[in-house]
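Subject: Structure handover

Hello,

I am passing on the structure we spoke about.

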Amino acid sequence: MPEPEVTVVASDVATARRLLGVVQPGTPTRAVLLGDAGDAAGLPAGRVVLAPGLAGQDPAAVGPGVAALVAGAGAVLLDSTQPGRDLAGWLSATADLPLVWQVDALRRTPDGGIEVERAVMGGSHRLTQRVPPGQPVIVLARPLPVEVEPGRPVVERSALSSGPSALEIVPLDPAAGGASRLAGARVVVSVGRGIGGRDQLGRYQRLADVTGAALGASRAAVDSGWLPFSHQVGQTGATVAPDLYLAFGISGAVQHLAGMRASKRVVAVNTDPDAPISRLADLVIVADAGAVADELLRRLEEGR
Amino acid sequence: MLTILVPVKDVSIHLRVKEGRLTRQGVPRRLDSLHETPLEWARRARESGLAARVVAMTLGPAGAADALRRTLALGADEAILVSDHAFEGADVRTTARVIAAVAGRVGAGLVACGYESADGSSGAVPGAVAGSLGWPLLSRAGLATVDGTSLTVTRDLGSGPERAAAPLPAVVSFVEGAIEPRVPTLREIMAVRSAGIVTLSSADVGVRPAAANAVDTGVTAAPASRRTPTVLGFDDGVDSLVALLSGAGSDA
């Protein structure tokens with residue numbers, strides 16, 4: 001009998017590709033795509049299961065179908081977004097499976113068990129965890145940016161659909177939706193609580209527009225309601241790896257650093273040169289964030 | 001009338017490595033401030049007559065009683081400590097089952113959690129509690145209102161703000177920000193210094209730890225990633241940044 005596949009579960013092809021990048025090459029893999037996930041051709045998995053009827057963010061509605069599809073998998077990988085965490089927790093409890101999190105590398109051990117790794121202690125150390133052979137595990141993954149060779153998966157379709165949801169959901173601001181441009185951005189202009197307030201956002205949005213950057217934010221700024229959650233960079237939000245990460249008024253909580261550690265160049269604009277973000281920065285500008293942004297805008301717009 | 005159960009965590013301020021293992025031993029601990037948000041929301045619900053009782057609980061060592069006393073100062077009516085050597089290193093499933101069992105024991109109609117905990121947690125416990133109880137889950141609530149039969153929250157799961165409602169009983173998880181936790185007065189802190197904490201064992205709650213678990217097999221220092229930054233003031237800083245941005249732009 002072949003060893004059970006490592007199965008990634010995602011609601012879009014890009015996420016599935018990133019999740020597959022966590023798995024050691026050569027491991028048999030399968031991708032389960034929920035809802036309207038996009039074109040699966042070229043996904044670097046052995047098999048793809050399209051489940052267009054399994055959509056939505058209520059774990060109680062989508063969970064039973066997902067559980068049926070992943071039964072028999074050696075490991076089930078989900079991304080660390082809130083819907084991913086909700087579904088992972090739900091599956092762990094209802095299918096009675098162990099759960100590991102923040103995993104950026106997964107491999108089979110020679111005895112058929114599964115070994116995972118993650119960064120701990122703010123990235124200064126790495127923790128290795130092992131699950132015994134034959135024991136399936138739920139994995140909340142935090143993919144690092146890697147290039148993965150395209151594959152030629154065998155594509156199947158599942159007719160399973162979501163069950164009824166007890167939740168009633170009303171979008172409040174349809175204009176605020178839409179995918180954030182953070183994933184794949186080459187330049188990210190990111191703001192934290194140090195910018196002073198929501199009324200200060202305009203100059204950073206404009207700076208992002210002028211430089212072709214995506215606008216990011218710390219958890220503190222998002223939790224304060226200054227920007228929608230889709231802008232959040234960090235352990236709970238998006239993981240980014242741009243060529244240039246520009247942090248305005250961000251002190252650099254561990255939660256934030258987890259999401260931007262892989263950036264090629266980091267510039268921190270902060271009044272406190274000893275803020276934790278300086279440890280990851282190539283350039284620290286000790287100055288008022290708003291004044292720097294305004295001067296940058298003036299110079300960049302003048303040069304056009 | 002509604003009883004709200006608020007699971008909290010007594011967290012260590014950081015982790016350390018001892019003999020090649022991650023440990024929380026010997027590190028100062030405190031009530032996770034993330035969990036003060038659901039507690040404050042529950043207190044307000046009780047103050048405005050929408051709930052009858054707020055019960056705080058934690059799963060942890062005997063020392064977690066201090067964190068629970070703080071929940072009493074912050075407005076919980078009762079505090080329950082589930083503590084048993086069998087639960088050392090309890091995983092997400094076990095933690096969720098203990099919370100579910102206590103919810104049943106106190107007759108909770110709502111479990112109000114923090115959306116994760118500050119000590120590098122999975123953030124998957126609220127979903128696991130919902131799965132254990134078979135109750136609907138409303139995650140990442142900023143604000144929430146409860147009436148006799150349902151809970152309505154405003155939240156953002158990444159695709160924009162939305163209003164989501166679920167019938168009770170339900171599980172809700174809160175993010176920080178919209179609800180400002182209160183700071184207990186010295187008098188409140190003094191008043192709970194000798195408050196009794198109900199302590200329950202594995203047998204009392206009827207939950208046994210899950211057998212098959214992931215085990216830590218090693219901790220290694222990561223390759224040094226520390227950069228030595230150039231530190232500049234306003235004028236030189238802006239000059240460098242303009243150069244960087246022009247460079248990054250022309251590569252695109």
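This is a predicted model: local features need pLDDT of at least 70, side-chain atom pairs count only at pLDDT 80 or more; totals for chains, interfaces and linings use all residues.

Residues are numbered from 1 along each chain as its sequence is written, and chains are lettered from A and ligands numbered from 1 in the order in which they are written.

Strand S1 of chain A covers residues 6-10. Helices (H or I, at least four residues) and strands (E, at least two) are DSSP runs, numbered from the N terminus. Five of the five residues of S1(A) are buried, so the strand is largely enclosed by the rest of the structure. Buried means 20 or more other C-beta atoms within 10 Å of the residue's own, exposed means 12 or fewer, and partly exposed is in between, with C-beta atoms placed from the backbone. A:Val6, A:Val8 and A:Ala10 cover one face, and A:Thr7 and A:Val9 the other.

S1(A) pairs in parallel with strand S4 (residues 75-79) of chain A over three bridges; pairing requires at least two DSSP bridges between the strands. A:Thr7 has A:Val76 as its bridge partner in S4(A). S1(A) also runs parallel to strand S2 (residues 29-34) of chain A, with five bridges, and A:Val8 stands opposite A:Ala31 there.

A:Gln135 sits in the loop between strands S8 (125-131) and S9 (137-141) of chain A. A:Gln135 is partly exposed, because 18 other C-beta atoms lie within 10 Å.

Regards
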